[in-house]
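Reader: Before I rely on any label in this model, I would like to see the value behind each label set against its cut-off.

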Amino acid sequence: MDFNVKKLASDAGVFFSRAMQFTEEKLGQAEKTELDAHFENLLARADCTKNWTEKILRQTEVLLQPNPSARVEEFLYEKLDRKVPSRVTNGELLAQYMTEAANDFGPGTPYGKTLIKVGETQRRLGAAERDFIHSASLNFLTPLRNFLEGDWRTISKERRILQNRRLDLDACKARLKKAKAAEAKAAAEQELRLTQTEFDRQAEVTRLLLEGISSTHVNHLRCLHEFVESQTNYYAQCYQYMLDLQKQLGSSKGEIFSGTFVGNAESTSPPAATSPPAVAAATLPAVPTIPVVPTIVGVPNTVAEGVLNPNEVKPPASGTRKARVLYDYEAADSTELALLADEMITVYSLPGMDPDWLIGERGNQKGKVPVTYLELLS
């Protein structure tokens, strides 16, 4: 390999001169060319932009992907310029487990049916999360990374060149002061003019780049609006999915209180009169039963079809039960009965009803009520 000895010696001399100038400035033994106040403000603004952009970028990555191992994996794929493999979201994984559990427990049982409903909602939530992460990464994180890995690197490079030009300029000023002979002064003055020109040119280049930070702020502001819009749509989707699930379950709490009610989804006829009470008591000693209205000939089974006409519902001859309302409930339609917390109502069941619902009466008002909103009293 060929070496240019003269250039190598010249570069070494320049480096030594800059190091000497820098050291003397730090020790207070040499003068330093100061930049104007506007330029210093531009430098401070650029540093502030870089620091906060890094923090916002890192924390947004944590928000979108809390798992640090997954973030490291994505970072490596990105640096290797390879496509990141598709990853199942936590909601989608939970949906898979719930569906498998429902199949094991029996998809026709109340618990199995509920698991399937909740699992489907979790799957939709997971899909919405995946879309939000993709949108936020594309419209928000990518522009921030492009600034840090592109524009900021260019600015940093030009700032280092400007710093070297300033050290060269101040070193020339120091040599001019030390020159005694007229020939040495003339040479120092010529060198000073050249270094001053290079310094001014580099300062102008750096100033233009620093002033471009304003355009960066405008771009990041637009990206921030897009991020907020994506996040708003994501949370709106999640809220709607949960409202739909709550409607299906008839409960905003999703909590089954032990000992309040056990429904028999398979029973479509009243118990036989010849059934010994002692056998039933021995089978389910701690479970209270709900009176069931027998099927009446000539009256349409509107409950089995999912439509309830309160005028057609009659209390069972075997009696009814009292229940205390645990939470307020707003009726969704005319077939349901609105509830107020702590009030007392009369309840009973009908053949073919969903086990999560009962018929409730309050005075002359009748309608379906969700079991999970009630505490059945013996």
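Author: What follows takes a few labels in turn and sets each against its definition. The model is predicted, so local features need pLDDT of at least 70 and side-chain atom pairs count only at pLDDT 80 or more, while totals for chains, interfaces and linings use all residues. Residues are numbered from 1 along each chain as its sequence is written, and side-chain values use heavy atoms, with hydrogens and water left out.

Reader: Why is Thr33 called buried?

Author: Buried means under 20% relative accessible area, exposed over 50% and partly exposed in between, with a 1.4 Å probe and protein chains only. Thr33 has a relative accessible area of 15%, and is therefore buried. Its place is in the loop between helix H1 (5-26) and helix H2 (37-64), where helices are DSSP runs of H or I with at least four residues, numbered from the N terminus.

Reader: What makes the pairing of the side chains of Thr33 and Asp170 a polar contact?

Author: A polar contact is a pair of N or O atoms within 3.5 Å; within protein, one must be able to donate a hydrogen and the other to accept it, and residues adjacent in sequence count only if both atoms are side-chain atoms. The side chains of Thr33 and Asp170 make such a contact at 2.3 Å, and those of Thr33 and Lys173 are joined by another at 3.1 Å.

Reader: How do you know that Ala203 is buried, and which residues does Ala203 touch?

Author: Ala203, which lies in helix H6, has a relative accessible area of 11%, and is therefore buried by the cut-off already given. Not counting residues up to four places away in sequence, Ala203 touches Phe39 and Leu162, contact meaning heavy atoms within 4.5 Å. Ala203 and Phe39 are 164 residues apart in sequence, yet 8.9 Å apart in space, C-alpha to C-alpha.

Reader: Why are H5 and H7 called roughly antiparallel?

Author: Axes are lines fitted to C-alpha atoms, for helices over the stretch in contact, with angles from 0 to 180 degrees between N-to-C directions. Angles under 35 degrees count as roughly parallel, over 145 as roughly antiparallel, 65 to 115 as roughly perpendicular and the rest as oblique. The axes of H5 and H7 come within 9 Å and cross at roughly 175°, and the two helices are therefore roughly antiparallel to each other.
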